Number of protein chains: 2
Amino acid sequence: MISQTPKPPYYAVIFTSIKSNKDAAYEIMAHRMEGLAKQQEGYLGHESARNEIGITISYWNSLEAIKHWKQNTEHLLAQQYGREKWYVHYKVRICLVEREYEFLNK
Amino acid sequence: MISQTPKPPYYAVIFTSIKSNKDAAYEIMAHRMEGLAKQQEGYLGHESARNEIGITISYWNSLEAIKHWKQNTEHLLAQQYGREKWYVHYKVRICLVEREYEFLNK
């Protein structure tokens, strides 16, 4: 659930969004994109939650891997649907993860 | 809801967590910490959502601002409670936001 990413540095793409409405097609597409992202070279993991806003963070080993994923044909179509149908507002932030620490209650 | 952060570069702290249980004290503390973070120098905004996992991202103008906030006396107590009572697992990632883009449906 919490991604077991490698030691930094690596990259994070923070996708924060507000959806316009419930749409079954959205859920199918989101699930498909999740599966497709996992198959991409350089994919390291992802974390996601939604209440009023949705936050999805995907982790990648390079900027090139992020660029390839952004330009994936099926993903381009999903992005287009996203802008036309699903999202009122979204923001994408490309980040270099410099440090991390973790707590695990045993 | 989606933070209106300044032009990159700036910093993001991604806090991903799994909680042990519902606890009224947690909600009070989380709300208090949110208010307190906003008063810190260098605070730029935050975004938060929770389903199976919780994701809270806070944005800062420098590593120093992040360090100060981490060491805030009241926040240190909240962190201690977090480890003792509320969290099964959490991960904190300190990131440099290098680029961003946004979509707003009008």
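Helices and strands here are DSSP runs, numbered from the N terminus. By that numbering, A:Pro9 sits in the segment before β1 (10-19) of chain A. The model is a predicted one.

**Cis peptide bonds**

- Most peptide bonds are trans.
- In chain A, the bond joining A:Pro8 and A:Pro9 is cis, and its omega is about 5 degrees.
- In chain B, the bond from B:Pro8 to B:Pro9 is cis, with omega near 5 degrees.
- B:Pro9 is placed in the segment before β1 (10-19) of chain B.

- Side chains of opposite charge can pair when their charged atoms come close.
- Over all chains, the structure holds 13 salt bridges.
- One of them pairs the side chains of A:Glu74 and A:Arg32, at 2.5 Å from N to O.
- A:Glu74 belongs to helix α3 (residues 73-86) of chain A and A:Arg32 to helix α1 (residues 24-38) of chain A, so this pair ties together parts that are 42 residues apart in sequence.
- A:Glu74 is partly exposed, at a relative accessible area of 30%.
- A:Arg32 is also partly exposed, at 38%.

**Salt bridges between the chains**

- The side chains of A:Lys91 and B:Glu102 form a salt bridge, at 3.6 Å from N to O.
- A:Lys91 lies in strand β4 (residues 87-104) of chain A and B:Glu102 in strand β4 of chain B, so the pair joins two chains.
- A:Lys91 is buried, with a relative accessible area of 1%.
- B:Glu102 counts as partly exposed, at 39% relative accessibility.
- A:Glu100 forms a salt bridge with B:Lys91, and their closest N and O atoms are 3.9 Å apart.
- This pair joins two chains as well, because A:Glu100 lies in strand β4 of chain A and B:Lys91 in strand β4 of chain B.
- A:Glu100 is partly exposed, with a relative accessible area of 24%.
- B:Lys91 counts as buried, at 1% relative accessibility.

**A salt-bridge network**

- A network of salt bridges links A:Glu47, A:Glu100, A:Glu102, B:Lys91 and B:Arg93.
- The network includes A:Glu100 and B:Lys91, the pair with closest N and O atoms 3.9 Å apart.

- B:Asn72 is in the loop between α2 (63-71) and α3 (73-86) of chain B.
- The side chain of B:Asn72 reaches the backbone nitrogen of B:Glu74 at 2.9 Å.
- B:Asn72 has 18% relative accessibility, so it counts as buried; the cut-off for buried is under 20%.

**A positive surface patch**

- A:Lys67, A:Lys70, A:Arg83 and B:Arg99 form a positive surface patch.
- B:Arg99 comes from strand β4 (residues 87-104) of chain B.
- B:Arg99 is partly exposed, with a relative accessible area of 47%.
- A patch residue needs over 30% relative accessible area and no salt bridge, and the 47% of B:Arg99 is its relative accessible area.

Note on methods: Residues are numbered from 1 along each chain as its sequence is written. Chains are lettered from A and ligands numbered from 1 in the order in which they are written. This is a predicted model: local features need pLDDT of at least 70, side-chain atom pairs count only at pLDDT 80 or more; totals for chains, interfaces and linings use all residues. Side-chain values use heavy atoms; hydrogens and water are left out. Patches are made of residues with over 30% relative accessible area and no salt bridge: like charges are joined within 9 Å, nonpolar side chains (Val, Leu, Ile, Met, Phe, Trp, Tyr) within 5 Å. Accessible areas come from the Shrake-Rupley method with a 1.4 Å probe; for residues, only the protein chains shown count as cover. A salt bridge is a side-chain nitrogen of Lys or Arg within 4 Å of a carboxyl oxygen of Asp or Glu. Lys and Arg count as positive and Asp and Glu as negative; His and the chain ends are not counted. The place of a charge is taken as NZ of Lys, CZ of Arg, CG of Asp or CD of Glu. Helices (H or I, at least four residues) and strands (E, at least two) are DSSP runs, numbered from the N terminus. Buried means under 20% relative accessible area, exposed over 50%, partly exposed in between (1.4 Å probe, protein chains only). A polar contact is a pair of N or O atoms within 3.5 Å; within protein, one must be able to donate a hydrogen and the other to accept it, and residues adjacent in sequence count only if both atoms are side-chain atoms.
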